[in-house]
Amino acid sequence: MSTIGGRPCMRPTRIIGANVGYSALSWLIVFLCLAWGTKWVGRITYFTMGLPVLILFVFLGRALTLPGSEDGVKLYIGEW
């Protein structure tokens, strides 16, 4: 199927389970924030902001321990 301009149709053709699951999780978090008020919003915010930051530091530590990472850091930062 193509459009008037001859380009292929860009409509989605299937449902991807991971996307549906993540969307449902996001809506569940929004529902929990609305249902239990400000006390729970703070707790949920600590989790949803703290966990990604923690994961970024874990990824940084892992990346810096890979072989050849010293060369990449030298190329990125340069010589002092």
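The accessible surface of the protein comes to about 7700 Å², and carbon and sulfur atoms supply 71% of this area. The model is a predicted one. Of the 80 residues in the protein, 4% are buried.

Helix 1 covers residues 17-64, and its end C-alpha atoms are 33 Å apart. A straight helix of 48 residues, at 1.5 Å a residue, would span 70 Å.

A nonpolar patch lies on the surface of the protein. The patch is formed by Phe 47, Leu 51, Leu 54, Ile 55, Leu 56, Val 58 and Phe 59, which together have about 710 Å² of accessible area. One member of this group, Ile 55, is located in helix 1. Ile 55 is classed as partly exposed because its relative accessibility is 35%, a value that falls between the limits of 20% for buried and 50% for exposed residues.

Helix 2 comprises residues 69-77. Ser 69 is part of this helix and counts as buried, with a relative accessibility of 17%. A polar atom in the side chain of Ser 69 is found 2.8 Å from the backbone oxygen of Leu 64. Leu 64 itself falls within the residue range of helix 1, residues 17-64.

Charged side chains were considered next. Side chains of opposite charge can pair when their charged atoms come close. A search of the whole structure finds one salt bridge. The partners in this salt bridge are Lys 74 and Glu 70, and their closest N and O atoms are 3.3 Å apart. This distance meets the requirement for a salt bridge, because the cut-off between the side-chain nitrogen and the carboxyl oxygen is within 4 Å. Lys 74 and Glu 70 are four residues apart in helix 2, so about one helical turn separates them. The two partners can also be described by their accessibility. Glu 70 is exposed, since its relative accessible area is 54%, whereas Lys 74 is partly exposed at 40% relative accessibility.

How values were computed:
Residues numbered from 1 in each chain as written. Heavy atoms only, no water. Helix = DSSP H or I, 4+ residues; strand = E, 2+ residues; numbered from the N terminus. Expected span 1.5 Å × (residues − 1). Buried < 20%, exposed > 50% of the residue type's maximum accessible area, 1.4 Å probe, protein only. Patch = residues over 30% accessible without salt bridge, like charges linked within 9 Å, V, L, I, M, F, W, Y side chains within 5 Å. Areas by Shrake-Rupley, 256 points an atom, 1.4 Å probe, with all protein chains shown as cover. Polar contact = N/O pair within 3.5 Å; in protein donor to acceptor, adjacent residues only side chain to side chain.
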